[in-house]
Amino acid sequence: MPDPAVPPTPPVGLPALLAREDLALRQLAGPSAPGVVVHWVHTSEMADPYPYLLGGELLLTAGVHVPQAAGPDYFDAYVSRIVAAGGAALGFGVAPVHDTVPEALAAACDRHGLPLLEVPPRTTFSGVARAVWQLMAQARLSELRRVTEAQQSLASAASRPDPVPSVLRRLAQRLGGWAVLYGPEGSEIATAGREPGEGPRGALARLAGVVRPERPGAGAGAEQQSATASRTGAPPQADPAPRTGAAGGRAAEDGAVRSHAAQRPDAPPDPSAQASPADPGRPAPTSATDTSAGLHLAAYGLGAGHGFVLGVATPQRTPGDHTVASVASVLLSLLTGEQQSGTGAARSSALVRLLLGAAPEEVAPLLGDGPWAVVHARPETEGAPGPVAASALGAALGSALVDPAGETVRVLVPADRAPAVPLPGWTLGVSAAVAPHDWPAADTQAARALARARATRAPLLRHSARPALAGLVPPGEATAHARTLLAPVTDHPSLTETLRTWLSLHGSWDRTAVALSVHRNTVRQRIARCATLLETDLDDPDVRMELWFALRHI
């Protein structure tokens, strides 16, 4: 018979069943119960139950099939067939056929390592089956609650300003182990949790090479040297009970890594989806597990297709762990993958053309449809955002055109994708919609909008262009007037920017200091210097209005 497919239900530990006082079950023979699990209950009075067992059952019998003159040979053959079929345990009902459990049956169960339970007269077989289903339902409910809470926790972590480290930290906490994100070249980009030793760390890195998308079957030499991959690395409910060996045990599969591609997270793996590290001709699996390093190791190829891999090392594998790790891998795929407004090749072509002197309006069609907007963003946390956080921001805005230089992240997005609502963890300044030739002006608009947003503690501010009196003056004349009026300070960019910010914030020293990231006394000194150079009274509202008009045209 082929290996059984264990149902995708949580197994019930035999100790939990023995602990049910309403059943009053008693173990008479066989190995101790802690390592034995039951996947279902089956009742049979057949002398040879092998053809009717799938594996993992608690087989119940009242001994109707036992001949009156049955000796040790009969019971030995009977028990050996149950073990060969993968039965987890045998329950023998006392009365009405037998007053006691035959001693020869107990001896056979001891020889073959099959747990033997005595079912008292007052306990019905249907009552035992119902108790197993109740324990399974409780375990499934607990598992679903745990998975749901983990999903919510991981989603919350993904919305933080440092999403990738946050997701890894939360995953490591939920699984009680170590989580690592490998880059396309196999380097560790970020880690979280208690780090394992060098041995498990190296084994996990080799396992990650197996599932790396652009390197299918990578490492045919190094991975072959790793120790066996085992079904015990998968969730317990996904592990089929073996046809050989002690009942309820687990058989190792040497030389293969189990793939879980294209299946429900905790479903039994498809045997046809095995991926051997030594088989470079087959596609890389979506995920793989290994227990060779003394820990449960798992690697998940991120779906973005850019070579990122999530690795997890845990001291034990519990139901739902695979689902939780799969949720984290999906989130990390979104955070690390390119959210393209055009193909990567098109963006590279656009960049080369710009560097070689092409006008922005000539390369813009390669990037997508316009008009465009520029977004300036600062994280609410201290310090400059890392490239991963910047990439995550670009993913949230639907654009891969991200510049993470300095403390401010700049993103060029199609105007219809410009943020209309705040993004948690970020302060945003958004420009007006512009044509490609006005990208530099939009960059300035976004910078000023961000400065004002930070000064007013608003999570998002947009530059708005509306009709004003300034539109009545021809642009050339307005520019000439502005240059003449502001000539004394234009040689000092810090003075010009301080004056602009101070006027935009209605003369607030504190908010101007916040917007410019300087001390308020520095703002006072610069404004006093401006008043001296311009030889004017900056407390006069008419003077302020004229200066503001001029600053908008330089």
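**Strand E15 and its neighbours**

Q: What makes E8 and E15 paired strands?
A: Five bridges join E8 and E15 in the antiparallel sense. A pair needs at least two bridges found by DSSP, so E8 and E15, with five, count as paired. Strands here are DSSP runs of E with at least two residues, and helices are runs of H or I with at least four, both numbered from the N terminus. This is a predicted model, in which local features need pLDDT of at least 70 and side-chain atom pairs count only at pLDDT 80 or more, while totals for chains, interfaces and linings use all residues. Residues are numbered from 1 along each chain as its sequence is written, and side-chain values use heavy atoms, with hydrogens and water left out.

Q: Why is E15 called largely enclosed?
A: Buried means under 20% relative accessible area, exposed means over 50%, and partly exposed lies in between (1.4 Å probe, protein chains only). Six of the six residues of E15 are buried, so the strand is largely enclosed by the rest of the structure. Val309, Gly311 and Ala313 point one way, Leu310, Val312 and Thr314 the other way, and all are buried. In a regular strand the side chains alternate between the two faces of the sheet.

**The cores**

Q: What makes a group of residues a nonpolar core, and how many residues has the largest one?
A: A nonpolar core is a set of buried Ala, Val, Leu, Ile, Met, Phe, Trp, Tyr and Cys residues joined through side-chain atoms within 4.5 Å. The largest such set has 29 residues, and Leu154, Val167, Leu168, Leu171, Leu310 and Leu332 have the most contacts inside it. Among the elements that each supply at least two of its residues are helix H4 (125-158), helix H5 (163-175) and strand E8 (178-182). The largest share, seven residues, comes from H8. A second, separate core of 23 residues includes Val41, Leu117, Phe125 and Ala129.

Q: How do you know which residues Leu310 touches?
A: Contact means heavy atoms within 4.5 Å. Not counting residues up to four places away in sequence, Leu310 touches several residues, including Leu168, Leu171, Val180, Tyr300 and Leu332.

Q: Is Thr496 buried or exposed, and why?
A: Thr496 has a relative accessible area of 9%, so Thr496 is buried. Its place is in helix H15 (residues 493-504). Thr496 touches Val489, Thr490, Leu551 and Ile554, not counting residues up to four places away in sequence.

Q: Is Thr100 buried or exposed, and why?
A: Thr100 has a relative accessible area of 55%, so Thr100 is exposed. Thr100 sits in the loop between strand E6 (89-93) and helix H3 (103-112). Thr100 touches Phe92 and Val94, not counting residues up to four places away in sequence. Its C-alpha atom is separated by 9.5 Å from that of Pro120, 20 residues apart along the chain.

Q: Why are E2 and E4 called edge strands?
A: Five strands form an open sheet in the order E2-E7-E6-E5-E4, with mixed pairing. Strand E2 (26-29) and strand E4 (40-43) each have a single partner strand, so one side of each is left without a neighbour in the sheet. E4 and strand E5 (residues 57-61) run parallel, joined by four bridges. The bridge partner of Trp40 in E5 is Glu57.

Q: Which helix packs on this sheet?
A: H4 packs on the sheet, touching E4, E5, E6 and strand E7 (116-119), and its direction makes about 165° with that of E4. Axes are lines fitted to C-alpha atoms, for helices over the stretch in contact, and angles run from 0 to 180 degrees between N-to-C directions.
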